[in-house]
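Consider the sequence and coordinates shown below. The paragraphs that follow lead through the fold, its cores and its aromatic contacts.

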Amino acid sequence: MRIRRFEAPDSKTAFALVKKELGDSAVILANKTLNAGTADQRYEVLAAMDYDLEEITVPLAASASPAEEKTTGAIYGYDTFRPKQRETNAAATNRIPKRSEQEISLESHDLRMRFAGILRQKGVQAPMKTKSTAAPSAPTPPSRPDPQEVSRWRDQLISRLQVAPPDFSRRKKPIILALTGPTGVGKTTTSAKIAAWYKIREKRRVALISMDCYRIGATDQMRTYARIMQLPCEIVLRRRDLLRSVERHRDCDLIIIDTAGKSPYDAKHISELADWFAPLDQVDLQLVLSAPTKKEDLEQIITAYSPLAPAGLILTKLDETRAYAALCQQIAGAEIPISFLTTGQKVPEDFFVASVPFLERLFKKGWSAVMEAENSYSGNGI
């Protein structure tokens with residue numbers, strides 16, 4: 001199995017290059033736009049076929065000289081991630097456009113307005129005000145909330161957020177994380193990111209188990225990640241198989257179980273999951289929430305999965321929205337600790353163990369402020 005990186009002026013050219021070089025059986029691990037909105041904008045695709053990493057670059061223009069064709073070192077894959085980490089961080093820092101103070105200020109203002117909009121909605125209680133001794137006045141028409149009142153309410157929400165990633169020093173091994181949630185929230189990719197983090201960075205023994213036999217290609221995707229990271233991986237189709245699989249990996253520090261996504265309105269699926277996990281002891285069910293999800297859907301998802309008593313929340317796709325007010329409100333109301341955060345498709349780079357400073361910066365100042373802070377950190381995670 002090899003990993004190859006393709007870079008081209010646009011997605012069509014990049015994917016055509018993947019198909020030409022690797023054929024139809026290639027597995028796409030990640031894709032993204034580089035230097036978006038600039039003259040150097042490129043499209044990057046990471047495809048898996050072997051452990052050896054190669055890079056193919058198509059020049060920006062056909063007239064470009066060979067000397068102008070950029071060829072950089074490998075930055076992906078288990079074998080190359082550790083020694084290249086510092087270089088990768090430096091390269092990533094250079095790729096991220098520096099946010100201007102005005103851009104951060106505008107995004108922070110927009111985020112504050114979204115909190116104000118939620119505060120105005122019926123049913124949301126504003127902070128209690130000091131009782132006035134003055135005589136009651138005539139009713140006045142609704143007005144925009146006071147900015148200071150909005151800030152106080154927002155800070156109250158943020159102060160209610162709990163952060164609790166797995167603590168190996170206080171837990172009996174193995175820690176078993178089961179990722180649950182609706183379709184399309186990124187459970188399989190997040191499972192791989194968690195596995196990579198603890199395998200590569202924390203030097204933990206990790207095993208992967210997939211229960212997702214519904215989605216086409218899900219098991220192949222999980223097997224591919226496991227092969228790249230040299231991890232044991234099992235696919236289970238029956239409840240007793242899950243129990244036996246967990247028992248086979250009891251010597252690991254961490255067992256990660258990827259479950260199939262279903263509609264949050266499918267009550268039968270929730271009861272099935274509860275039935276599957278009932279024989280296992282000490283399973284931490286992690287509810288995976290996608291940041292761009294609408295407020296009403298977030299509320300329904302949290303309510304639907306509450307019978308499983310999730311031990312933690314994983315927030316994914318934080319880079320795909322700039323409207324975080326509803327997300328902040330819903331997760332604060334859920335009163336479930338946040339375990340992990342993900343910000344893109346790259347495995348393992350776009351992954352963070354949840355922290356209060358990251359969440360405060362995100363919900364108070366927005367995505368640009370988070371990325372600005374990222375530029376000042378040399379390591380992955382805040």
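Which residue just after helix 11 takes a positive phi? Glu 335 does, with a phi of about 55°. Helices here are DSSP runs of H or I with at least four residues, strands are runs of E with at least two, and both are numbered from the N terminus.

The model is predicted, so local features need pLDDT of at least 70 and side-chain atom pairs count only at pLDDT 80 or more, while totals for chains, interfaces and linings use all residues. Residues are numbered from 1 along each chain as its sequence is written, and side-chain values use heavy atoms, with hydrogens and water left out.

The protein has 13 helices and 12 strands. Of its 382 residues, 48% are buried, where buried means under 20% relative accessible area, exposed over 50%, and partly exposed in between (1.4 Å probe, protein chains only). The accessible surface comes to about 19,200 Å², and 50% of that belongs to carbon and sulfur atoms; the areas come from the Shrake-Rupley method with a 1.4 Å probe, and for residues only the protein chains shown count as cover. A contact is a pair of residues with heavy atoms within 4.5 Å. Among contacts between residues at least 6 apart in sequence, 75% join residues at least 24 apart.

In soluble globular proteins, nonpolar side chains tend to be buried together. A nonpolar core is a set of buried Ala, Val, Leu, Ile, Met, Phe, Trp, Tyr and Cys residues joined through side-chain atoms within 4.5 Å. The largest one has 60 residues, and Leu 242, Ile 257, Phe 277, Leu 318 and Phe 363 touch the most other members. Helix 11 (residues 325–334) gives the most to this core, with 7 residues. That helix is mostly covered, as 9 of its 10 residues are buried, including Leu 327, Cys 328 and Ile 331. Phe 363 touches Leu 327, Cys 328 and Ile 331, and its other contacts include Leu 111, Phe 115 and Arg 154, leaving aside residues up to four places away in sequence. Apart from this core lies another, of 26 residues, among them Tyr 225, Val 288, Phe 340 and Phe 351.

The structure holds 8 aromatic pairs. Rings of Phe, Tyr and Trp (its six-membered ring) pair if their centres lie within 6.5 Å; planes under 30 degrees apart count as stacked, over 60 as edge-to-face and the rest as tilted. Phe 115 and Trp 153 are edge-to-face, because their ring centres are 6.1 Å apart and their planes stand at 80°. Phe 115 belongs to helix 4 (residues 101–120) and Trp 153 to helix 5 (residues 147–159), 38 residues apart. Phe 115 is buried at 1% relative accessibility, and Trp 153 is buried at 5%.

Phe 340 and Phe 351 form a tilted pair, with centres 5.3 Å apart and planes at 35°. Phe 340 lies in strand 11 (residues 338–342) and Phe 351 in strand 12 (residues 351–353), so the pair ties together parts 11 residues apart in sequence.

Gln 286, in strand 9 (residues 283–290), counts as buried at 2% relative accessibility. Its side chain makes a polar contact of 2.7 Å with that of Ser 339. Such a contact is a pair of N or O atoms within 3.5 Å; within protein, one must be able to donate a hydrogen and the other to accept it, and residues adjacent in sequence count only if both atoms are side-chain atoms.
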